[in-house]
Each structure stands twice: as C-alpha cells, then as structure tokens.
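Please look over the sequence and the structure shown here before reading on.

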Amino acid sequence: MFEIQRGDDGRILLNGRFDASQVEKAQAFLDGVSNSCTLDCSGLEYISSAGLSVLLQTLKRLTAESHSLRLIQLRENIRDVFRISGLDRIFNVE
Amino acid sequence: MERWLPRSLDALDDLFRAVDDYLATETLPQKTAFAARLVAEELFTNLIRHNRGGRDQVHLSIERRPDRLVIRFDDFDVAPFDPASTPVVDAAQPLAERAPGGLGVHLVKNLFDELHYEYRDGVLRVTASKRLESGDV
C-alpha cells in the first residue's frame with residue numbers, strides 16, 4: 001500500500017511502501033509539482049531504488065527550474081537507504 | 001521457504017508477502033528484516049527488467065543458515081547474463097551527474113555481504129547473503 005497526496009499545509013505526504021510497482025503513480029503526481037516543495041516522509045515505511053529514482057528525477061527537474069525539494073521526517077531505515085545511495089548529500093534531508 | 005512468483009511487477013505484493021511470511025518465522029533484527037525486503041525486491045525487479053527469455057515464473061528461496069541469511073532467485077530458460085554489464089553507481093557523484101537507475105545492485109551490495117551470479121544450462125541463479133551477528137543467531 002502506497003499513498004502520495006498533498007497535505008493541508010501544502011506538504012506532500014508519502015505513506016506506505018514505495019516499491020517498483022508504485023513508480024507510475026508517484027511520478028504522475030510529482031510531475032504535477034511546479035514549485036519548491038516539502039516531502040513529509042514520516043509515514044514512508046519503505047523505499048527501493050525505483051522510488052529513489054522517481055525522487056531523483058523530480059529533484060533534477062525542480063532544480064533545473066530553480067525550485068527546491070526538501071525531505072523531512074525520514075525514518076531511520078529510509079535515512080539509511082539515502083545514505084548508502086549517496087542521495088543524502090544531494091537532497092535537502094532534514 | 002520456497003515460492004514461485006510470476007515474472008511481473010504485479011507480483012511484488014506476492015513477493016513481499018512471501019518474505020514477510022518467512023520473516024515472521026524468524027527472530028531477526030528489524031534492520032535485517034528491512035534489508036531482506038529491499039534486497040528481494042531489487043533482485044526480483046532486475047530479473048524482470050534485464051533477463052531475456054525466461055519462463056513466466058521465477059523461483060525464490062529464503063534460507064537461514066547458522067551464520068547467515070540467504071536470498072536466492074532462479075530464473076529458467078534465460079539468455080546468458082554478464083554481471084559486469086551491471087552499471088556501477090558512484091554514490092559520491094553530484095546531482096548533475098547522477099542518473100536515475102542503477103542503484104539497485106549498489107543497495108544490495110551494501111545491505112548484504114555477498115552477491116553472486118551463476119549461469120548454467122539456461123538457468124541464472126542469483127544469490128545474496130548477509131552474515132548474522134552472534135546476537136542474531
């Protein structure tokens with residue numbers, strides 16, 4: 001189960017298991033983001049390389065458009081995946 | 001634990017269910033369980049994406065040996081596979097040079113201790129294993 005939606009405060013909420021079968025759904029949502037944004041990962045339980053690639057593509061697009069992408073409230077396992085991938089140095093992770 | 005899985009991303013739910021069913025029978029650290037799920041997905045999706053030919057199902061086995069956890073996939077009737085063709089990710093690359101993709105094998109090699117490919121008579125066997133600390137055994 002994976003959900004991606006806009007929260008009341010404008011943050012984008014990621015929840016559940018972001019695996020390879022969720023790429024199309026997540027990419028379609030994030031392609032609609034046209035300004036700087038914050039991804040609230042407090043509900044994100046799992047992410048694989050497929051999910052990382054979607055976030056990386058989105059970061060590259062937003063950066064090219066002079067916007068930013070911030071990730072907040074990552075659980076420890078998710079933070080480990082970003083660290084191992086070297087993406088913790090590329091993303092603005094809080 | 002052994003399971004046949006359809007060669008499809010739609011089978012990921014079945015894959016996670018199989019891994020979780022197995023993990024429920026074992027006492028393993030939460031980090032090891034997380035890594036097992038991720039390694040299983042990465043190996044499975046790589047088989048689907050990169051192996052040419054192949055039957056409509058692949059075979060998964062998960063086994064706990066005295067000192068290690070072993071995840072193995074067997075893919076039958078596939079063309080020879082060259083592990084050296086797997087892209088190498090430089091985790092230190094800056095954003096402008098990072099390309100989406102290629103991270104799966106990198107994650108497997110960092111989360112587990114060994115990754116081994118064996119090809120014989122049309123069968124590709126990929127095995128990943130993680131040493132268990134003395135407190136985990």
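## The largest pocket

In this predicted model, the largest pocket has a lining of 23 residues, and those nearest its centre are Asn46(B), Arg49(B), His50(B), Gly102(B) and Val105(B). The space in the largest pocket comes to about 380 Å³.

Several elements contribute to the lining of the largest pocket, with at least two residues each from α2 (49-64) of chain A and from α2, α3 (103-111) and β5 (123-131) of chain B. The largest share belongs to α2(B), which supplies six residues. Sorted by class, the lining of the largest pocket consists of eleven nonpolar, ten polar and two charged residues.

## The second largest pocket

The second largest pocket holds about 200 Å³ of space. Its lining draws on chain A through Met1(A), Gly16(A), Arg17(A), Leu44(A), Glu45(A), Tyr46(A), Arg75(A), Asn77(A) and Ile78(A), and on chain B through Gln30(B), Phe34(B) and Arg37(B).

At least two lining residues of the second largest pocket come from each of β2, β3 and α3 (76-85) of chain A and from α2 of chain B. By class, this lining has five nonpolar, three polar and four charged residues.

## Helix α1 of chain B

Helix α1 of chain B covers residues 12-23, and its twelve residues should span 16 Å at 1.5 Å a residue, which agrees with the 16 Å between its end C-alpha atoms. Within α1(B), the residues Leu12(B), Leu15(B), Phe16(B), Ala18(B), Val19(B), Tyr22(B) and Leu23(B) are buried. Viewed down the axis of α1(B), the buried residues fall within an arc of 160°, and they therefore line one face of the helix.

What do the buried residues of α1(B) pack against? In chain A their partners are β2 (12-18) and β3 (37-47), while in chain B they are β1 (2-6), α2 (30-50), β2 (57-65) and β3 (68-75).

## Helix α2 of chain A

Helix α2(A), with 16 residues, reaches 22 Å from its first C-alpha to its last, which is close to the 22 Å expected at 1.5 Å a residue. Its buried residues are Ser49(A), Ala50(A), Gly51(A), Leu52(A), Ser53(A), Val54(A), Leu55(A), Leu56(A), Thr58(A), Leu59(A) and Leu62(A). Ser66(A), which follows α2(A), has a positive phi near 65°.

## Loop residues of chain B

Most residues other than glycine have a negative phi. Asp77(B), although not a glycine, has a positive phi of about 60°, and Asp77(B) is found in the loop between β3 and α3 of chain B. With a relative accessible area of 48%, Asp77(B) is partly exposed. Asp121(B) also is a residue other than glycine with a positive phi, near 50°, and its place is the loop between β4 (114-120) and β5 of chain B. Because its relative accessibility is 75%, Asp121(B) counts as exposed.

Leaving aside residues up to four places away in sequence, Val78(B) touches Arg7(B), Asn51(B), Arg52(B), Gly53(B), Gly54(B), Tyr119(B), Gly122(B) and Leu124(B). Val78(B) and Arg120(B), which are 42 residues apart in sequence, lie 10.0 Å apart in space, C-alpha to C-alpha.

Definitions and conventions:
Residues are numbered from 1 along each chain as its sequence is written. Chains are lettered from A and ligands numbered from 1 in the order in which they are written. This is a predicted model: local features need pLDDT of at least 70, side-chain atom pairs count only at pLDDT 80 or more; totals for chains, interfaces and linings use all residues. Side-chain values use heavy atoms; hydrogens and water are left out. Helices (H or I, at least four residues) and strands (E, at least two) are DSSP runs, numbered from the N terminus. The expected span of a helix is 1.5 Å times one less than its number of residues. Buried means under 20% relative accessible area, exposed over 50%, partly exposed in between (1.4 Å probe, protein chains only). The arc is that of the directions from the helix axis to the C-beta atoms. Contact means heavy atoms within 4.5 Å. On a 1 Å grid over the protein atoms alone, a cavity is a set of points where a 1.4 Å probe fits but cannot get out, and a pocket is an open set with protein on both sides within 12 Å along at least five of seven lines; lining residues have an atom within 4 Å of a point. Grid points are joined across faces, edges and corners, and a volume is the space filled by probe spheres set on the points. Ala, Val, Leu, Ile, Met, Phe, Trp, Tyr, Cys and Pro count as nonpolar, Asp, Glu, Lys and Arg as charged, and the others, Gly among them, as polar.
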